[in-house]
Amino acid sequence: MSQKLQCEGNIHKMTKLLSKNLLSPALVALAIWIAGGSTASANPQGDRSTTVTPQRNPTQSISTPRSIATTVTEPTNEQVVPAAEATEIKPGEWAYQTLQALSSKYSCSNAPAGDKTLSREEFATSLDGCIQSMEQLVARKPRRLLKKRRVAPAPEIIAPEVVTPPAAPEITPPPADVAPVAPPAPVEPEVSQQDIDRLKQLIEAFRSDLQSVDARIEALDKKTAEIKEKSFSTTTKLNGEVIFGVSGYGGVTSTPAIAETPATVVNGVVVPGKAAVPARSATGNVFSDRVRLNFDTSFTGKDKLRTRLQSRNTPNLGSAVTGTNMTRLGYDGNEDNGTSVSLLQYSFPLTPQTKIIAETIGSEFNENMYTFNPILTSSGSGSISRYGRYNPIYRLSGDGASLTLNHKFSDELALALGYAIPGTNAAASTASGSGLFNGSNAIISQLQFTPSQDLNLGLIYARSYSSDGNNITGGTGSSAANRPFASAPTTANHYSFLASYKLSPSFVFSGWAGFTEANRETTAGGRASSSNYAVSLAFPDLGQKGNNLAFILGIPPKLNSRSGTGLAVSPDSSTSYHLEALYKMKLSDNIDLTPGLLLITNPDHRANPTEYVGTVRTTFKF
């Protein structure tokens, strides 16, 4: 019994002691738990720090004070927005830096500038260009990755809250003091696996945006295909020009007709005859048109076949109307608006420096070589008069067939050679004294010297043969100069000096001087000489861009001397002056309006009243 009581007492003492020893650790743990709760309460929700309790070291006491707790800062969703969710991509973000590094390394097209915030659409477009460039380097199969994107959309990818941007490749700038060295031959870079992985990261983050880019490209391809399908030809382009002209003509008084009379001999002295001068109308007004449709076809991308359809009813205000060809308009011609092929031309490069132009009909040397009157050459937007457009030596081709060669020796020196058979269908005629070499013809050579970008100088020599003695001066001067030996076969040597100087962007000076020596090809023989001069002052973009103010002063072809027996034509007895002013106004990209006034003093180089022609030309281009 006593032993039992003693045992019970011992158990009571051990229990009491054990309880005492276990209480202290429990209290310590409770204190630490309370301290942790107090710290959490001190940091409200949304604070960017988290309290971490250090691991207990065996050498430390279990009751480590709260003051040694460590605080670690980590980013949250409020700091970094994943690339898959951002509405804008800024230069400092990893996606921007990665794409910029890849674009620089692999010469991607449409690379980001580096200092501009891009929308997702803009960024995806740049990324699409980089994908194509890298695909071509890897497999030479354009848009392979993009096609994979189209086949099946990728499963939804949940971007992590924190994205660690990959390190951009470090670019070391070249030393500043190093002398420039010629760059080595370009070598295609090899695409590393690391860069492919980076590209895949960008594709995953911008998958939906890239699919939108693909959709736009597909829509554009479809629209282009529809346009090609609806076009009448994949190799031919159509461009056209339509002119409406309102013109008035006349003078102070009318001139009666003067009949052509032969030379006579009075008391042993030869008395020259008089040239025929048709009667002209005192005044008149006309409203006319000209329509040109050019079909330009290319088979190699460097050649051009031009087929021109033309219809017009603009009267020739020449000798039959005003008594002189000096009053002709620059766009005249009257086929009662019947439509026909007025030009058939094929041009192609023989070498990079040599070009060949062949024409079966409608040849005009002025369209095949430089005319040194750049502002006023065009019949639709240049001078309103026939003579004011360019030197009449270019009219020796006579709208017939021709072959022209243009060769460029250098940027400063060029040569043009041409051979023409004047007259529509004259080259195709089988009649006696016609064809390629048996009828009328003209040979021309032009040397162009360009010492500077703004200065052009030219020398021209031409030799012509006219079976009927006509068109010696291109139908622009006096009747005597154009047919010095009436209808007798005539050969002629033509010489011209031309120049054009662009003094400033708003002022161009051009001019020429031409001389002709003609010979009558009959047993009686005969010689005649004529000359012509002109200067033009053009003020481009005056008033607004596309406008042009111009003045032209000249002396149309004049017969200066003539020798031979039995000739009815005498040298011109007076001097005509060509005075022209015009102002072309650009109403739109396709419509020009040009009012102009032409005055001819002493028409036909005779003592005739001053002639005038006023024109308002409206030109539509499409």
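Predicted model: local features only at pLDDT ≥ 70, side-chain atom pairs only at ≥ 80, totals over all residues.
Student: What part of the contacts with a separation of 6 or more joins residues 24 or more positions apart?

Tutor: Take the contacts in the protein chain whose separation is 6 or more. Within that set, residues 24 or more positions apart account for 63%.

Student: Let's turn to the helices. How are α2 and α3 oriented to each other?

Tutor: Helix α2 spans residues 94–106 and helix α3 spans residues 120–138. Their axes lie 10 Å apart, at an angle of about 40°. Angles under 35 degrees would count as roughly parallel, and 65 to 115 as roughly perpendicular. The two helices α2 and α3 are therefore oblique.

Student: Which residues of α3 meet α2, and how many charged residues does that contact have?

Tutor: From α2 come Ala95, Tyr96, Leu99, Leu102, Ser103 and Tyr106. Their partners in α3 are Phe123, Ser126, Leu127, Cys130, Ser133, Met134 and Leu137. By class, the contact of α2 with α3 has ten nonpolar residues, three polar ones and, as for charged residues, none.

Student: How is α2 oriented to α5, and what is the hand of the crossing?

Tutor: Helix α5 covers residues 193–205, and α2 packs with α5 at an angle of about 135°, with the axes 10 Å apart. That makes α2 oblique to α5. The hand of the crossing of α2 and α5 is left-handed.

Student: How many charged residues are in the contact of α2 with α5?

Tutor: By class, this contact of α2 with α5 has seven nonpolar and two polar residues. The number of charged residues is three.

Student: Last one: is Thr618 buried or exposed?

Tutor: Thr618 lies in strand β23, residues 611–621. Leaving aside neighbours within four places in sequence, Thr618 is in contact with Val242, Ile243, Phe244, Ile591, Asp592 and Leu593. Its relative accessibility is 18%, so Thr618 counts as buried.

Key. Residues numbered from 1 in each chain as written. Heavy atoms only, no water. Contact = heavy atoms within 4.5 Å. Axes fitted to C-alpha atoms, helices over the stretch in contact; angles between N-to-C directions. Helix = DSSP H or I, 4+ residues; strand = E, 2+ residues; numbered from the N terminus. Parallel < 35°, antiparallel > 145°, perpendicular 65-115°, else oblique. Nonpolar A, V, L, I, M, F, W, Y, C, P; charged D, E, K, R; others polar. Left-handed = near helix turned anticlockwise from the far one by under 90°. Buried < 20%, exposed > 50% of the residue type's maximum accessible area, 1.4 Å probe, protein only.
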